[in-house]
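Look at the sequence and the structure first, then read on.

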Amino acid sequence: MSSRQSVILRQCAKNRSEEVAFGRFVNNPSVTPSLMIQSACERTAAQSKGRDVLMICDTSTVGFGINSKAKGLSEIGDGRGQGFFLHPVISMDAHTHHCLGLASAQLYDRKKYAVDKAQRRRDRNREKLEEKESYRWYEEIEKAVSYNQGAKSQTVVADREADIYELLVLLTALGVDFVIRSSQNRKLKEVDHNKLQQALDAQPLQGQYSMALPATDKRTAHTAELEVKWVTIDLARPRSGTGTKHLVDRQKVTVIEVREKPASVVGKEKPIYWRLLTSHSIQSMDDALRIIGYYVQRWVIEQVFRTLKKKGMDVQSAQVSNAAALKNLTALALISSIRVMQLVQARDEPQDLGIEAGFEPKVIKVIERINPQLEGNTEKLKNPYPPNSLSFAAWVVARLGGWSGYASQRPAGPITMWNGLRRLNEFVQAMDMLNLHSEFEGDVYIR
C-alpha cells in the first residue's frame with residue numbers, strides 16, 4: 001500500500017492471485033485494526049527510547065456516503081452519512097519535531113444517545129468519563145504510554161475537543177504532561193477571579209514574537225505578530241451532573257494566551273487566538289515559546305488526515321464490501337500516511353535516520369540510479385544529502401512528485417510526496433521488467 005500509494009486491492013496487487021490473497025487478508029476475522037496498530041506502535045516505541053516525546057492526538061471522520069454498499073457501517077454526521085471514526089496518537093521528538101511513528105489508534109463507531117437533545121445532555125452529565133465516547137482521549141494515551149515506557153518524558157498535545165476536566169485529572173495521575181487548547185472559560189478556585197479569562201485579562205503582556213503562518217483554506221500565508229501572557233491557576237471541578245463528583249475539586253494548570261496583533265491580520269481574516277492549558281512550569285518567555293511550539297506541532301496530524309483521505313490515499317475509495325474490511329484497510333492506510341509524513345519531514349529537515357529506515361534494498365537501488373537524472377548542472381539543483389540518509393531518498397521522491405528542486409521554493413508537502421512515491425514505484429516496476437537489478441529478490445515495498 002505504501003509503495004503503490006493506493007487502497008484499491010487491484011492496484012496494490014501484481015496479479016489476480018495476489019489481489020485475491022489481499023482480499024482474503026483484509027476480510028479475515030482474525031485480522032483486526034488493533035493488531036496491525038499494535039505492531040506499528042511497537043516499532044515506534046523502539047524509536048522513542050530516551051527521547052522527550054510529544055503525543056499528538058485528534059479525531060477524524062472516515063465517511064463513505066449514505067449510499068455506500070458496504071455492510072455494517074454506522075451512521076455519522078447526524079444520519080447524513082455512513083462510516084466510522086479514527087482517533088490516532090502520533091509520536092514526535094519534542095526537540096527535533098521529527099515524526100517517530102504511530103503511538104496508538106482507535107477506530108470506533110459512535111455511541112447512540114437519546115434523540116431528544118435535552119435528554120442526551122442529562123444522560124451525558126450522569127456518566128463518568130470512562131462511560132463516554134470522549135474516554136478515547138485517555139484510553140489511547142494510556143496505551144501509548146504503556147508502549148513508550150522507554151521514553152524520557154511524554155507530553156500530550158491536543159486541540160479544543162480534549163478540554164475535558166476529567167482528562168486533565170487523569171493525565172496528571174498517569175504522570176503525563178499535557179498541552180491542550182482551551183475551549184471553555186472555566187470557573188476557578190481563585191478568590192480574586194471567577195473565570196479563566198478574567199485571570200488572563202488581569203495579567204500584563206509578558207512577551208512578543210513573530211511566526212510565519214502557512215496558507216490554509218481559511219487563512220492567507222503571512223507573518224503573524226503575536227503577544228503572549230500566562231498565569232498559573234486552579235481550575236474548579238465542574239458542578240453540572242453527577243459524573244465528576246468522584247474527582248478532585250481543583251486541577252492546577254498554567255494558561256498561556258497567544259493573541260495576534262490587529263496590524264498583522266490579513267484583511268478580514270480571523271486573527272490567531274490560542275488559550276493553552278499546560279501542566280508544564282512556565283517561568284520565562286523561552287518556556288512559553290517552547291510550549292507554544294509543542295502545540296504548533298499538532299498540524300502534523302492534520303497533514304496525516306489529509307494524506308489519508310481524498311487528497312492522498314483516498315481511503316474512501318476502498319472497494320471492499322463490509323465495515324470490518326474497511327477498518328482494516330483504514331488502519332493500513334493510516335500507517336502508510338504517517339510514513340509519507342516522515343518523508344516530508346526528512347526533506348524539510350535532515351534527520352538522524354538512515355535510508356534503510358524507510359526503504360527496502362531493492363528500492364534503494366532504484367533511488368540511487370535515478371538521482372543523477374533529477375539533479376541539475378548547478379549546485380543548487382544537486383541532492384545535498386548523504387546517499388545513505390533518509391533525507392537523500394526524500395529529496396528524490398519530492399523531485400519525482402513535482403517539486404522544483406530549489407531550496408528557496410516552497411518545500412514538498414505530503415501530496416507531492418504521495419505523487420513521488422507512485423512514480424518511484426513505476427520506476428521500480430520498469431527496472432524489474434528490464435532486469436536491471438536482478439541481484440535483489442522479493443517484493444517492492446516501503447517498510
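## Tryptophan pair

Is tryptophan 403 buried or exposed? Tryptophan 403 counts as buried, at 6% relative accessibility. Buried means under 20% relative accessible area, exposed over 50%, and partly exposed in between, with a 1.4 Å probe and protein chains only. Tryptophan 395 is buried as well, with a relative accessible area of 1%.

## Basis of the values

This is a predicted model: local features need pLDDT of at least 70, side-chain atom pairs count only at pLDDT 80 or more, and totals for chains, interfaces and linings use all residues. Residues are numbered from 1 along each chain as its sequence is written, and side-chain values use heavy atoms, with hydrogens and water left out.

## Aromatic pairs

Rings of Phe, Tyr and Trp (its six-membered ring) pair if their centres lie within 6.5 Å; planes under 30 degrees apart are stacked, over 60 edge-to-face, the rest tilted. This rule gives five aromatic pairs. One of them joins phenylalanine 85 and tyrosine 108, which are stacked at 5.4 Å centre to centre, with 20 degrees between the planes. Phenylalanine 85 sits in strand β4 (residues 81-93) and tyrosine 108 in strand β5 (residues 99-108), so the pair ties together parts 23 residues apart in sequence. Strands are DSSP runs (E, at least two residues), numbered from the N terminus. Both phenylalanine 85 and tyrosine 108 are buried.

Tryptophan 395 and tryptophan 403 pair edge-to-face: 6.4 Å centre to centre, 90 degrees between the planes.

## Cysteines

How many disulfides are there? The count is zero, where a disulfide is a pair of cysteine sulfur atoms within 2.5 Å. Cysteine 57 is buried at 0% relative accessibility. Cysteine 99 is buried too, with a relative accessible area of 2%.

Technical notes: Helix = DSSP H or I, 4+ residues; strand = E, 2+ residues; numbered from the N terminus.
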